[in-house]
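Visitor: Hello! Could you show me around this structure?
Guide: Gladly, here it is.

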Amino acid sequence: MSAQKQERIGVYVCHCGSNIAGAVDVVDLANWAAEKLKHQGVIIARDYKFMCSSLGQELIEKDIRELGLTRVVVAACSPHLHEKTFRIAAQNAGLNPYLVELASIREQVSWVHTDKAVATEKSKAVVAGAVSRVIENIPLEEIKVPINPNTLVVGGGIAGIQSALEIANAGFHVYLVEREPSIGGHMAQFDKTFPTLDCSACILTPRMVEAGTHPNITLLTWSEVENVAGYVGNFTVTIRKKARFVKEDLCTGCGICEEKCPKKVIDEVFEAGLGYRKAVYTPFAQAVPRYPVMDKENCTYFIKGTCKACEKFCPTGAIDFEQKDELIHIDVGNIVLATGYDLFDARRVSNYGYGRLANVFTSLEFERLSNAAGPTNGDIVLRDGKTTPTSVGIIHCVGSRDKNFNNYCSVICCMQGLKFAHLVHERTGATVYNFYIDMRTAYKAYDEFYQRVLDEGTLFVRGKVAEVTNAARYEREKGKLIIQVEDTLAGKQRRIPVDMVILSSGLQPRHDAKEVGKLFGISCSTDGWFTEKHPKLDPVATMTEGIYIAGCAQGPKDIPSSVSQGAAASARVLDKILQREVALEPVKASVDQDACSGCRICNGLCPFNAISFLEDRMVTQINPALCQGCGTCVAACPAGAIHGTGFSDEQIIAQIDGLLLRTLAPVGE
Amino acid sequence: MNRYLLYPGCSMDSSAKAYMESLNSILEPLDLTFEEIDDWNCCGATEYLGINLIPAYSLIARNLALAANQKNRHPETGGTRTVVAPCSACYLNLAKADYYMQERPSLGVKVNEALQAGGLQYKPGTLDVRHLIDILVYDVGLEAIRSKVVRPLHGLRVAPYMGCMLPRPDYQHRWSDHEHPTELDDLLRALGVDVVDYPLTTSCCGGHMTQIGPETAFELIRRLVADADERGAVLMATVCPMCQMNIDAYQNEMNHYFGTDYHMPVLFFTQLMGLAFGREPEELGIGVELVSARNALATIGVEVPVTQEPAGPRKKSEGLPMPRRWTRHEGKETVK
Amino acid sequence: MTETFEPTIIGFTCNWCSYRAADLAGMARIKYAPNVRLIRMMCSGRLDPTFVLRALSGGADGVMITGCHPGECHYMEQNYKALRRFLLLRRVLHGMGIEPERVKLVWASAAEGARFASETTLFVEEIRRLGPLNWGKQEDGPSTMDHEGPSSIVHGQEVEVPA
Amino acid sequence: MPHMTDERVRAGLAREEDLSLLNEVSMKTAGVSHLEMCIQCGTCGGSCPVAMDMDHTPRMLFAMLRAGMREEVLRSNTPWICVSCYHCVVRCPQEVHIADVMYTLKGMAIKARLFSDSTAPDFSQTFVDMVETFGRSYELGLASRHYLKHFPLRLPGMMPMGFGMITRGRMALTPRRIKHMDQLKAILDCAKELELTS
């Protein structure tokens with residue numbers, strides 16, 4: 001297997017000051033390599049104080065040029081630190097950069113072992129492994145592919161809107177896909193936004209309108225992505241545009257159909273189950289687009305075959321009961337996923353009584369209740385629809401920071417709870433209690449808001465509420481909801497009777513986040529949020545090139561952070577678009593189709609859909625642009641027909657032999 | 001025929017003999033065979049655990065070991081790995097021992113070492129420990145129970161009292177909820193009972209505090225009885241001998257302590273099942289309770305009128321709509 | 001063999017987690033047994049079982065396979081494939097008369113330098129207890145070993161098999 | 001500040017914190033206690049139906065365990081008041097096995113003879129004695145022994161109830177025994193040995 005043609009190899013041992021030289025006999029190592037690996041082609045072995053310095057690099061470049069080196073091994077630090085440095089040096093001297101190998105004798109030898117003799121011996125093995133391996137290296141070229149300048153943004157909440165606008169304003173086309181009939185997301189449901197208490201609709205609607213009318217944005221609401229194929233720069237996406245049963249080109253959004261529709265249904269989505277809508281409806285007054293949607297499950301015509309009131313009254317004839325779902329195919333270069341969150345289902349915390357006790361509300365219900373455009377026109381009242389509460393308890397951390405439900409902190413609930421306290425106080429004058437475990441008011445002007453709510457007289461109790469019950473023990477509790485809690489600061493159990501309880505429910509990943517992740521080839525954390533490329537340094541990129549994430553899809557966050565991420569994801573997309581083409585690492589798998597037996601064992605292994613089967617020729621092929629180079633298929637192929645560049649069988653086996661010092665020249669040779 | 005191993009527990013032939021009698025009366029109609037574990041011993045209640053850990057779990061595990069030996073005694077019926085405990089405290093002790101011997105293997109090793117001294121052994125996970133009502137609701141099914149009802153208990157207002165040790169800690173996730181499980185409500189409804197919404201259904205009866213800190217226990221009993229009374233229940237139905245004992249036998253003393261005058265009889269749910277299945281009160285141990293259920297049962301008499309409420313015009317919903325109730329078994333259809 | 005036996009071990013690491021864990025152990029100067037020599041692959045899913053056999057037949061006394069924790073694979077789920085191959089491989093070794101314990105699977109995230117170091121040291125001790133393998137050093141290979149491996153292959157191993 | 005308190009505070013400060021206590025309790029508890037995971041949220045203290053009679057809420061007790069206050073913890077009546085209703089256990093966001101920790105603390109308090117009221121420990125011991133003698137519990141024996149010692153004044157009021165139980169056949173006059181008492185005894189003897197060595 002070893003090279004027929006003798007390579008000319010240079011071995012360079014770095015002292016790294018005393019970092020390596022202090023624990024490894026670098027001179028001995030270099031001499032040993034020159035002597036014992038000579039038969040493999042090592043024609044020069046040097047040691048030097050700092051190989052990564054410009055002088056060190058020049059040393060290598062000079063040898064490549066003057067000695068005609070065909071392979072280079074640098075015994076130094078981890079390849080994650082300086083592999084690129086030495087590859088560029090090689091390239092500068094005219095050697096293909098992929099013919100350089102690093103032997104890590106710092107992180108894996110000198111820093112972790114103390115016995116110099118032992119460390120030196122291990123270093124020799126590591127160098128021998130690298131030399132054997134580098135012989136099997138082959139010259140590689142980076143793969144360049146052009147980037148389609150169009151972008152797909154999935155999710156029309158504030159993060160998605162922001163992202164779409166940034167890209168569109170930069171002059172590139174965006175497809176904004178939204179599952180619901182209107183864009184706006186959760187933010188459209190809110191009343192006020194913390195900490196400044198701007199009206200949510202007032203700041204959001206202009207953005208929605210901008211996105212809806214932007215010449216560079218194609219808005220696809222009531223639509224879902226059904227399939228994604230391709231790779232960075234060249235995705236082909238199939239979108240299902242669900243039948244609205246309303247012809248968008250004819251509809252003027254006058255709202256007569258909605259007015260005439262006789263069927264009233266509970267609005268579980270926009271009104272959080274607290275209000276009603278018609279079977280044909282626009283979810284809210286400022287919806288973008290303003291075309292209504294017909295809810296087939298509830299429409300009397302679809303159920304009974306008669307009615308058609310909407311059709312009769314529509315002045316433009318826009319109602320179309322025959323409309324079918326439409327599949328749209330688009331080509332894009334990059335994708336931003338801003339699919340948001342689901343609210344934690346508070347019914348699961350049965351000791352808080354939501355769903356059993358009428359006057360226990362969720363945060364989203366309260367948002368609708370306090371919203372002037374909501375079912376009560378902004379009156380904060382009990383479930384009977386008329387009584388104003390005189391005392392209200394707000395419970396934090398509902399479903400969050402709890403191993404029985406979600407283990408993480410949902411970030412927004414403390415501030416949300418404080419906002420509710422303020423609104424209740426301002427609008428009803430009721431006595432307000434906030435029950436918290438820890439008050440988390442990080443970020444600008446947040447703690448000041450806490451101070452303000454304290455100043456307003458809200459009563460704070462530090463303790464996770466144990467239960468909300470209507471089983472009165474004493475006269476004063478009769479007819480009330482009793483909040484039972486340990487006031488941990490007072491060190492005693494308290495029973496606090498109130499009229500209304502608001503649960504500051506946590507956020508959780510979309511129920512279908514896993515499937516969506518699979519569709520786009522990205523993964524979810526154990527909690528179910530989309531996994532970012534790096535939690536600190538690359539929070540909007542994913543492990544799949546060309547797919548970015550923004551907003552709550554990545555983890556719980558508030559509006560400012562969602563907007564920032566939307567913008568950040570766009571910056572990354574624009575960066576890609578403006579490069580016009582993308583270079584792909586040449587660590588790829590490929591199929592030798594003459595050797596492929598067509599067994600398809602590899603077909604199900606690729607999480608990136610890079611492997612496809614050519615039915616006509618009964619062989620498998622791998623799309624190099626989709627391949628991420630993990631090598632799983634290479635390992636699986638029973639025919640040995642799949643090759644992995646950069647980490648080939650030959651390279652790895654040679655390295656094993658080298659590490660085991662089986663490649664040394666026989667004694668006496 | 002459905003065969004199960006039975007761990008009766010000490011109360012069943014003394015303070016809770018009415019439970020045993022009524023239990024026996026419903027086995028045949030529901031086609032159940034309970035085979036008592038030979039020479040079972042006391043589970044230690046809540047007392048032994050507070051004194052010595054290993055002996056406490058060894059005491060419990062002896063029963064598991066005996067039951068495991070007995071599970072294949074009748075191969076013709078396919079054997080059974082299910083142990084039924086009608087007492088909540090016994091159920092919890094047996095279930096917990098089985099679970100902890102797995103969760104902390106070192107406990108399992110030590111307990112087995114002790115069992116070895118008696119020539120026994122038990123591999124945790126061998127048996128399924130379940131409570132009687134679990135078997136009735138989930139194995140027999142409400143439909144089958146409903147089909148055996150010949151005397152529907154319409155008009156009998158009952159507070160369903162599950163007690164605490166049954167739905168909690170529930171390491172095996174058997175119940176619809178830790179706090180407001182619906183199994184007992186559903187079963188009683190199948191008998192035609194007018195079930196009262198009883199939020200304290202899983203609150204504690206005081207356990208052994210009636211013996212060691214009566215004032216503490218009296219307050220717990222008061223809460224239960226007062227709330228049942230407040231909500232218009234004429235009797236309480238329970239699934240646990242200790243709950244029955246505390247509320248029944250100490251109600252008088254509790255009344256005395258608080259200067260109250262409650263009269264809240266408490267019967268085992270199996271007694272109500274027996275009644276609904278057409279058995280006579282005296283066959284079911286009704287009458288041995290200290291707070292007499294006579295008046296409560298008189299409210300429905302022998303000739304219970306079929307008071308099927310007419311389906312009047314649907315009430316127009318007022319105010320804001322309520323969210324749907326949640327259960328862990330959402331989608332599972334046994335509960336109807 | 002009167003001296004303490006110093007085993008030779010080949011470690012396969014994945015580029016994203018365990019190799020970085022090894023780097024981190026270095027950066028934190030955590031000392032561990034020097035007997036393991038590492039090979040970097042892109043993913044534990046790249047591990048062809050023949051690599052392990054090659055190492056064992058080439059003079060290694062043990063092989064350590066490392067990768068990202070289940071659910072944290074850089075390539076989404078390829079480490080599960082490594083897990084399956086590992087389990088199969090241990091069966092094969094058992095069938096060949098080689099102690100399956102000579103091959104170990106360790107999950108280590110990029111943040112777990114300390115874990116990487118301690119697992120390595122632990123494994124070296126385990127192999128030291130098993131003694132030299134001598135496959136490939138003798139003519140007739142491991143077939144001279146006559147003792148049975150442990151009956152349970154999976155249970156002795158602290159592997160979380162994904163749900 | 002009254003003199004006594006002052007003394008006690010000073011005594012407390014002078015004593016070294018016993019940081020091994022938490023781990024000791026955790027190790028002695030059945031199952032995996034998760035005691036070290038407590039975040040002091042108070043769910044347990046809020047859930048407890050008998051918190052009003054406790055010296056310390058469970059949460060406070062766990063804080064004291066952390067602070068190594070061995071004597072104060074073992075003297076607390078909290079574990080003895082616990083009714084094992086498991087409300088705190090299922091609600092605890094950190095999955096602490098609170099009820100089982102209470103059992104552990106009872107056992108430790110008995111061994112250290114640090115409980116402040118002997119009613120509960122005596123009741124448990126009497127119960128266990130019955131079980132160790134007969135293999136089954138014996139309510140009449142238990143009740144008579146227990147009430148005579150701890151609640152003699154309660155007896156007159158209890159008589160009608162006891163009488164009612166007996167006449168209704170709900171309390172056996174003689175104990176019931178299991179057949180293989182020798183086997184049970186051998187198991188328990190061995191278990192006690194193991195308890196001492198663990």
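Guide: Two strands pair if DSSP finds at least two bridges between them; helices (H or I, at least four residues) and strands (E, at least two) are DSSP runs, numbered from the N terminus. This is a predicted model, where local features need pLDDT of at least 70, side-chain atom pairs count only at pLDDT 80 or more, and totals for chains, interfaces and linings use all residues. Residues are numbered from 1 along each chain as its sequence is written, and chains are lettered from A in the order in which they are written.

Visitor: In what order do the 4 strands of the open sheet in chain C stand?
Guide: The pairing in this sheet of chain C is parallel. Strand E2 (36-41) and strand E4 (103-107) stand at the edges with a single partner each, so one side of each is left without a neighbour in the sheet. The order is E2-E1-E3-E4.

Visitor: Which residue of E4(C) stands opposite C:Thr66?
Guide: Strand E3 (residues 62-67) of chain C pairs with E4(C) over 5 bridges, in the parallel sense. Opposite C:Thr66 stands C:Val106.

Visitor: At about what angle does helix H4 of chain C run to E4(C)?
Guide: Helix H4 (residues 113-130) lies across E1, E2, E3 and E4 of chain C. Its angle to E4(C) is about 165°.

Visitor: Which chains share the most contacts?
Guide: Contact means heavy atoms within 4.5 Å. No contact joins chain B and chain C. Of the 4 pairs of chains in contact, the one sharing the most contacts is chains B and D.

How values were computed: Heavy atoms only, no water. Axes fitted to C-alpha atoms, helices over the stretch in contact; angles between N-to-C directions.
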